[in-house]
Amino acid sequence: MADVIARDLRVARVERRITLHKFARRKSTIAFLMALPLITIVACLVVYPALYSIHLATLNKSMQHFVGFGNFEFLFRRNTFWMVVEQSLLFAVTAVIFKAVVGFVVAHFVHNLPAKGQRKWRGMLLIPWVIPPAMSTLAWLWLFDPSYSAFNWVFAHLGIPQIAWLGNPYWARFCVILVNVWVGSPFFMIMYLAALKSVPEQLHEAAAIDGANWLQKIWYINVPMMRNIIQITALFSLIVTFANFDIVKILTNGGPVDQTHVFATWAFTLAIWGNDIPLGASVSLFMAPILAIAAFFILRNVRRRGNEA
Amino acid sequence: MTMTTATATATSGKVRVARYGSISRGRRKTLFWSYVFLILFVIFFLTPPVYMLITSLKTSAEISAATNPWWVYHPTLSNYIELLTQNQYLTFFRNSAIVSVCVVSLTMVVSVLAAFALARMRFWGSATLATGVFLTYLIPDTLLFIPLFKTFAFIHDKTGIELINHWWVLIILYPTLTVPFCTWIMIGYFASIPKELDEAALIDGAGYMQMLTRIFIPVAIPGIIAATIFCFTVSWANFLYPLAFTTSADQLVLPVGIVTTLIRGDVYNWGQIMTGALLGAAPPLIIYAFLMDYYISGLTAGATKG
């Protein structure tokens, strides 16, 4: 009798384990099916092409046979390539630094205003970020026009010499960076403004009592409190700026004499116009190391932030 | 102990009273300089769009007459009328609109489902997948277009399906940019919904789909709006994919259409280019004007939720 009961109990327990197991499996199966479209899109349209471009970079121009590092050796021997490396780094680093500085300063000015008026100013200041970059760059192209430049018209009236904005390599580099700063700094402004809102007002009051001036308040309170956001925003922007295409393509198309090409525009010129897909792929792969480094730090910061919360 | 705190508050109170006047004067000064500098920054930020508007109201004759470029002497809407009665520009607009709407709906369905699964229903490898989604968001389109271009040519060779030079191919391409980011911010929004809500739903006998449609989607509506706006802006503004994948005039979308067809050789018809660009920038600007708060919360959610 006792044996039978014990056996029944065991059976029941086993059965329950099976149903629990089945339940868990069912839940995870449903979850997996729900994530399947995402997995498909990411695998087919992002991961596969990214890996495929590594394979492409090792082929010759007609994509008939394997040349190993041939494309890279060819690139290393070309002056244009080193120019592009230099310009890409100069462009990305300078633009991110200026965007961060402008965004930081503007965020503080907006934060100083009474709460009621802030919305209006924030709304106006974010407009450059909302306009599609291809369209706003056209406006800049027209502002920099060689014969009708509206800036040069102002300069002429102020007695300042005319500037060949996009004709001179140095000014062209300046213009590309300027337009990028114009497009990108509103994003920094919004991020820093959000971070500023989370700095407790008591800290500023305490500092004011201790006799700190505005610069000390910013440097010793705001910067440390906002450090995580400052880093994440700068790294995000570094990735986007480093991979920038629209602005350079429309404003200078790499010219004058390839002086303003960045990796993305040069890869496009080689692959689509020059019909040398493997060479273009090798050029675009040079973006990967910087992206990987930036991604590593972003992920670390985001994780750390997650732990704090 | 109580003594010291009492004196501390007393002294700090005294200090505050003593410096009260100077603080308020300081505030007024800060406010004044903030306005001065903000006006300068607003001028810098708004010069290009305002200049677009000024130029769009001019005739070609006035533009080439080298008068004051910052003023319109004979305002006219002829550029707008010309563009809006021209079939070509309307085709670009239609292509852009269809592509954006399709991409937005596709992305939102895919990313809301996936974000729900990743945020609430754990499965093997779900944590890794969530990180992976974030990492794929960081891979730019400038790295992907060459292998995708080659893959599409390869598909054409093998199956005869022509994928290059059709506007609808952009519906396949844009999700590479929108899906990872939207999934990422939706995971953030879903994770912030209290667990008690779904436990209550489970006890009441709701299935997972019901839990998603009855609880998660209604609660996360602000997040969904923010993600939708992001998605729309990205697919409206992308320039690289259409430039690489479409060439014939009737297959172009707005950004590329304006750049390639309104600039004929070295002839720049600036009045029309600026009008086209301004009209092309209008949909995102209108959405932004009405839904600014959602727009901003979408911007900040990407990096602050995690």
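Helices are DSSP runs of H or I with at least four residues, strands are DSSP runs of E with at least two, and both are numbered from the N terminus. By that definition chain A has 14 helices and zero strands. This is a predicted model, in which local features need pLDDT of at least 70 and side-chain atom pairs count only at pLDDT 80 or more, while totals for chains, interfaces and linings use all residues. Residues are numbered from 1 along each chain as its sequence is written, chains are lettered from A and ligands numbered from 1 in the order in which they are written, and side-chain values use heavy atoms, with hydrogens and water left out.

**Chain A overall**

- Along the sequence, chain A reads α-α-α-α-α-α-α-α-α-α-α-α-α-α.
- Chain A has 309 residues, and 50% of them count as buried, where buried means under 20% relative accessible area, exposed means over 50%, and partly exposed lies in between (1.4 Å probe, protein chains only).
- When contacts (heavy atoms within 4.5 Å) in chain A are taken between residues at least 6 apart in sequence, 70% of them join residues at least 24 apart.

**The interface between chain A and chain B**

- Chain A brings 98 residues to the contact and chain B brings 97 residues.
- About 8800 Å² is buried between chain A and chain B, with carbon and sulfur atoms giving 84% of that area; buried area here is the accessible area (1.4 Å probe) that two parts lose on being put together, summed over both.
- A:M34, A:M135 and A:W142 supply 9% of the area that chain A buries against chain B, which is more than any other three residues.

- Helix 12 (263–273) of chain A packs with helix 6 (residues 141–159) of chain B at an angle of about 10 degrees, and their axes are 10 Å apart; axes are lines fitted to C-alpha atoms, for helices over the stretch in contact, and angles run from 0 to 180 degrees between N-to-C directions.
- Helix 12 of chain A and helix 6 of chain B are therefore roughly parallel to each other, given that angles under 35 degrees count as roughly parallel, over 145 as roughly antiparallel, 65 to 115 as roughly perpendicular and the rest as oblique.
- The contact is made by A:A264, A:A267, A:F268, A:A271 and A:I272 of helix 12 of chain A, together with B:T142, B:F145, B:I146 and B:F149 of helix 6 of chain B.
- By class, the residues of this contact are eight nonpolar, one polar and no charged, with Ala, Val, Leu, Ile, Met, Phe, Trp, Tyr, Cys and Pro counted as nonpolar, Asp, Glu, Lys and Arg as charged, and the others, Gly among them, as polar.

**Helix packing within chain B**

- The axes of helix 5 (residues 126–137) and helix 8 (residues 175–191) of chain B come within 8 Å and cross at roughly 135 degrees, which makes helix 5 of chain B oblique to helix 8 of chain B.
- Helix 5 of chain B contributes B:A130, B:V133, B:F134, B:T136 and B:Y137 to the contact, and helix 8 of chain B contributes B:P180, B:F181, B:T183, B:W184 and B:I187.
- This contact has eight nonpolar, two polar and no charged residues.

**Individual residues**

- A:V257, in the loop between helix 11 (246–251) and helix 12 of chain A, has a positive phi near 40 degrees although A:V257 is not a glycine, and A:V257 is exposed, with a relative accessible area of 68%.
- A:D258 lies in the loop between helix 11 and helix 12 of chain A, has a positive phi of about 60 degrees without being a glycine, and is partly exposed at a relative accessible area of 30%.
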